[in-house]
Amino acid sequence: MTAPAAGRFADVPVVLLDLDGTIVDSGPGILDALGHAFARCGEPLPPPAVLRTFIGPPLEDSFCGALGLSPERAEQLRIAYSAHYQEHGLLSAAPYPGMPELISALVADGRTVAVATNKPETSANRLLARQGLGDAFALIGGTDRAAGREGKAAVIGSVLERLGVTADRRTADHQPVDHRSPDRRSVVPRTVDGGDVAPAVMIGDRLHDAQGAAEHSLPAVLVDWGYGGEVERAADLPRAGTVEALSAMLRP
């Protein structure tokens, strides 16, 4: 991990926030819907520690990668999960204490604050509207299967494009991220390390948030109050243990 530095990202004009595990605690609703999906599809329920790792990344990736299920079986689970979650779990996710205030403070500072989540964009808008945060952001961006927008890098790219922000895609000068490798720690773009001011910074709780940001040569900060695990703790990335620590990194 990298020790946070006060004001490290205070000059970055655009702040991108993950939703689940960063802005809101969506874990209870997601875990309940996962339990329902596994029971409905007749699949053995994984241990709680494994289920917890499913919060954040695309579910199909977790079902196939962690459980070795076929894409067809993973899609059946996803459909069962989504039907239950949309009706029973989505709107129950509450903001983490201090996050609404930090978002308001960043906006008051003149920063552009947007959401970049692996949740479907329509679901993210519903949830944030329910929590009174629908108008707090310049943009709420998420996945859209119909438009072919899936995965964190695609969501971030879409948000940047709609905000009119230019960011470079990963070039030959950057080492590609191997999502299958156990050593996935080098995900910070070299241009950021070199002192350039990035056009945006990504804030999230899972490594895929940082990997998606790195695909656009953007820095990332991992927060400790979400659903990260050993892989996130081993990552050589800036970390914020509390909302107050994150505020200190993002604001002058």
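Student: Is H208 buried or exposed?

Tutor: First the rule: buried means under 20% relative accessible area, exposed means over 50%, and partly exposed is in between, with a 1.4 Å probe and protein chains only. H208 has a relative accessible area of 14%, so H208 is buried. This is a predicted model, where local features need pLDDT of at least 70 and side-chain atom pairs count only at pLDDT 80 or more, while totals for chains, interfaces and linings use all residues. Residues are numbered from 1 along each chain as its sequence is written, and side-chain values use heavy atoms, with hydrogens and water left out.

Student: Where is H208 placed, and what does H208 touch?

Tutor: Helices (H or I, at least four residues) and strands (E, at least two) are DSSP runs, numbered from the N terminus. H208 sits in helix α9. Contact means heavy atoms within 4.5 Å. Leaving out residues up to four places away in sequence, H208 touches G56, P57, N118 and K152.

Student: Which side chain makes a polar contact with H208?

Tutor: A polar contact is a pair of N or O atoms within 3.5 Å; within protein, one must be able to donate a hydrogen and the other to accept it, and residues adjacent in sequence count only if both atoms are side-chain atoms. For H208 the partner is the side chain of N118, at 3.0 Å.

Student: K152 was on that contact list. Which residues of α7 are buried?

Tutor: K152 is one of them, with A153, V155, I156, S158, V159 and L160. The buried residues of α7 pack against β1 (14–17), β4 (112–120), β5 (139–143), β6 (200–204) and α9 (207–214).

Student: What about a positive phi in a residue other than glycine?

Tutor: Most residues other than glycine have a negative phi. S217 has a positive one, near 60°. S217 is in the loop between α9 and β7 (220–223). Its relative accessible area is 9%, so S217 is buried.

Student: Now the whole chain. How many helices and strands are there?

Tutor: The chain has eleven helices and eight strands. Of its 252 residues, 50% are buried. Among contacts between residues at least 6 apart in sequence, 69% join residues at least 24 apart.

Student: How do I read the nonpolar core?

Tutor: In soluble globular proteins, nonpolar side chains tend to be buried together. A nonpolar core here is a set of buried Ala, Val, Leu, Ile, Met, Phe, Trp, Tyr and Cys residues joined through side-chain atoms within 4.5 Å. The largest has 50 residues, and those with the most contacts inside it are L17, I23, L34, F63, F137, I203 and L246. Helix α1 (residues 27–41) gives the largest share of this core, six residues. Apart from it lies another core of 20 residues, among them A116, V159, L160 and L237.

Student: And charged pairs?

Tutor: Side chains of opposite charge can pair when their charged atoms come close. A salt bridge is a side-chain nitrogen of Lys or Arg within 4 Å of a carboxyl oxygen of Asp or Glu. The structure holds 15 salt bridges. One joins E60 and R145, with the closest N and O atoms 2.6 Å apart. That pair links distant parts of the chain: E60 is in helix α3 (residues 59–67) and R145 is in the loop between β5 and α7, 85 residues apart. R145 counts as partly exposed, at 40% relative accessibility.

Student: Which salt bridge does E121 form?

Tutor: E121 meets R149 at 2.8 Å, N to O. E121 lies in helix α6 (residues 121–130) and R149 in the loop between β5 and α7, so the pair ties together parts 28 residues apart in sequence. Both E121 and R149 are buried. The backbone oxygen of E121 is also reached by the side chain of N125, at 2.9 Å.
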